[in-house]
Amino acid sequence: MKNVILGLLRNKKALTGLLILAIIIVAAIAAPLLTGFDPARRVGLPHQPPNADHWLGTTRIGQDVFSRLIYGARTSLAVGFGAGFIITAVGTIMGIAAGYKGGKVDEAISFLTNMVLVVPNLPLLLVLASFIGQASPVVIAIILGGTSWAWGARVTRAETLSIKQKDFVKAAEMLGEPGWRIMAAEIFPNLVSIVGINFIGSVVFAVITEATLEFLGLGDPQAVSWGVMLYSAQNASALQVGAWWDILTPCFALVFLGTGLSLLNFAIDEVANPRLRTGNSLARWVGRVRAGEGSL
Amino acid sequence: MVFLLRRLCFYLAAFIAAATINFFLPRLLPGDPIQIMFSSAGSTLSPENLEALKLTFGFVDAPLWQQYLTYLASIFTGDLGLSIKYFPLSVNEVLGRALVWTVGLMGTATLISFTLGTMLGIVAAWRRGSKFDVIFSVSAIVATSVPAMVTSLVALYFFGFTLGWFPTGYAAAPALDPAFSFEYISSVIYHAILPIITLSIVLTGGFVVTMRNNMINLLGEDYITMGRAKGLSDRTVMFWYAARNALLPTVSGLAIAIGTVLGGSLVTEVVFNYPGLGNTLYHAILARDYPVIQGQLLIMTLAMLTANFIVDVSYVLLDPRLRRA
């Protein structure tokens, strides 16, 4: 664990990724200090290009784009990390339980996992979100968490199956350690890199999907988030009237966050698995993101 | 055979599960499900049509399990009901019209990105650690982490609006009538170029990483060393020894990609206002046209399951061990 952290600090990609992430997090936390404008209110003339007052211009209804950008980062980060946490937690618990317990438990969980995997994620999310109506970011995070864990469960299960055969697990069993302790204290620590990659992949997936759902008009249009920014800019025909700042700002923000997270993931992969440095778990990463995003 | 039969049963179960979600979702939510589903239908549908639609979705005056069976019966007879927004068209007709455009768009984009991504992946793996590898692997990873709508919007802004090289919407010039003429077909192609390029960018990253990963795992194998020891050229070893074997898992990935094709271009179609399935779904959502939304979920599920089944069959053909199991 310590080696992983030390290794990350020596890795250029990790540092760049961390720096990007840090910039976004600091901007999100310090939003009230960085701007005096309320992101939800009309504070200027409509569709003004970037100027000294409004650094990134204004939207069609006169909201300040810069303040929406940094306040919106709060939503994107919160949904991303919140949903990412749920997805990873459910996937990891399911995966370890299936892999370690075996038998009926494994059969049941694997059946459920495969089922969730083959039902395409995006249309299901769309149906869910459209029935719920205008889904708030919290609701979106919960829906994402509940429907997207299957891929992580499958990967964790496979890895657990191989760790289960190791001597230290057998030894712990002979010592009479209870099952939950073996799963939590013996098996889980050996899954850290897989869980980490799963987590970051899930965060990216959640950020992308939240923005997509909101862009398609399934979110709460009053919320301040990057997806809603895109949605309102698109609705205001920002491209047609040449208000590039309105629509390219959230685009840039999403690319920035995506790049930061993927660099970080690339680096965790390189550091945690020197043998896999050639890219084994990169496929997992793509699988993770693609599992849902592939159908966007 | 037994293997395929078991898979077939599993897919049937998965399909019924998706249909079941469709059935229970409106009934689980607070409020009157009929009200939720058909509130937008009042102005367009006649009372008889509304009755027929309710029947399709199992809203009959009977216990829940009978409602469920009524619903399943209509699904399995291919009756997805009437569209509320596009009345008097049925859901099948609405989706059928849009399907052609989406298949054309995504088919081409998948083909391009598969070819390009696989080639880049082969070369990146062969020269792993080189500048080529670092640049393309990192950008492939980044490309998979950028939402499709961002790529689409940026492409539309620069090449559609700013430079004016490509049209900014529709599948063909609106003034032209669909006909098998040079004028119409060239207009269709012209309108498809930018969406196809955008989709290819979105899809290529995944193929690069998968292929690179498969290749690298194979490059350590003895038969690669053997090929080199025989004095074969790099090119021969790279393509005929390594890539040929690494391609197998990618081909099954391709089948899955085709399964997601139907939903694949959703965001891109919305941005480019392209009349495919994705755009239809989008407008159905805006109009709360639940019959179309649900029909889309079922059709995408069906496509995904079919693609998975094709992968299973191809595995049986390619891997003799599965035939005995």
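1. Glu214(A) sits in helix H11 of chain A; helices here are DSSP runs of H or I with at least four residues, strands are runs of E with at least two, and both are numbered from the N terminus. This is a predicted model, in which local features need pLDDT of at least 70, side-chain atom pairs count only at pLDDT 80 or more, and totals for chains, interfaces and linings use all residues. Residues are numbered from 1 along each chain as its sequence is written, chains are lettered from A and ligands numbered from 1 in the order in which they are written, and side-chain values use heavy atoms, with hydrogens and water left out.

2. Which side chain of opposite charge is nearest to Glu214(A)? That is Arg68(A), 9.1 Å away. Lys and Arg count as positive, Asp and Glu as negative, while His and the chain ends are not counted. Glu214(A) is buried yet has no salt bridge. Buried means under 20% relative accessible area, exposed over 50%, and partly exposed in between (1.4 Å probe, protein chains only). A salt bridge needs a side-chain nitrogen of Lys or Arg within 4 Å of a carboxyl oxygen of Asp or Glu.

3. The side chain of Glu214(A) does have a polar atom 3.3 Å from the backbone nitrogen of Val228(A). Val228(A) is also among the residues in contact with Glu214(A), leaving aside neighbours within four places in sequence. Others on that list include Pro137(A), Ile140(A) and Tyr231(A). Contact means heavy atoms within 4.5 Å.

4. Now the interface. The contact takes 52 residues from chain A and 60 residues from chain B. The two chains bury about 4,900 Å² between them, 77% of it on carbon and sulfur atoms. Buried area is the accessible area (1.4 Å probe) lost when two parts are put together, summed over both.

5. On the side of chain A that touches chain B, six helices each supply at least two residues: H5, H6, H11, H12, H13 and H14. The largest share, 11 residues, comes from H13(A).

6. Chain B comes to 14 helices and zero strands. Buried residues make up 51% of its 325 residues. Of the contacts in chain B with a separation of 6 or more, 71% join residues 24 or more positions apart.

7. Val94(B) lies in helix H5 (residues 91–126) of chain B. With a relative accessible area of 7%, Val94(B) is buried. Val94(B) touches Ser83(B), Tyr86(B), Leu89(B) and Thr280(B), not counting residues up to four places away in sequence.

8. Asn273(B) deserves a look. Its place is the loop between helix H11 (266–272) and helix H12 (277–286) of chain B. Phi of Asn273(B) is near 50°, a positive value in a residue other than glycine. Most residues other than glycine have a negative phi. Asn273(B) is partly exposed, at 31% relative accessible area.

9. Lys166(A) is in the loop between helix H8 (150–164) and helix H9 (167–174) of chain A. Lys166(A) counts as partly exposed, at 44% relative accessibility.

Notes: Polar contact = N/O pair within 3.5 Å; in protein donor to acceptor, adjacent residues only side chain to side chain.
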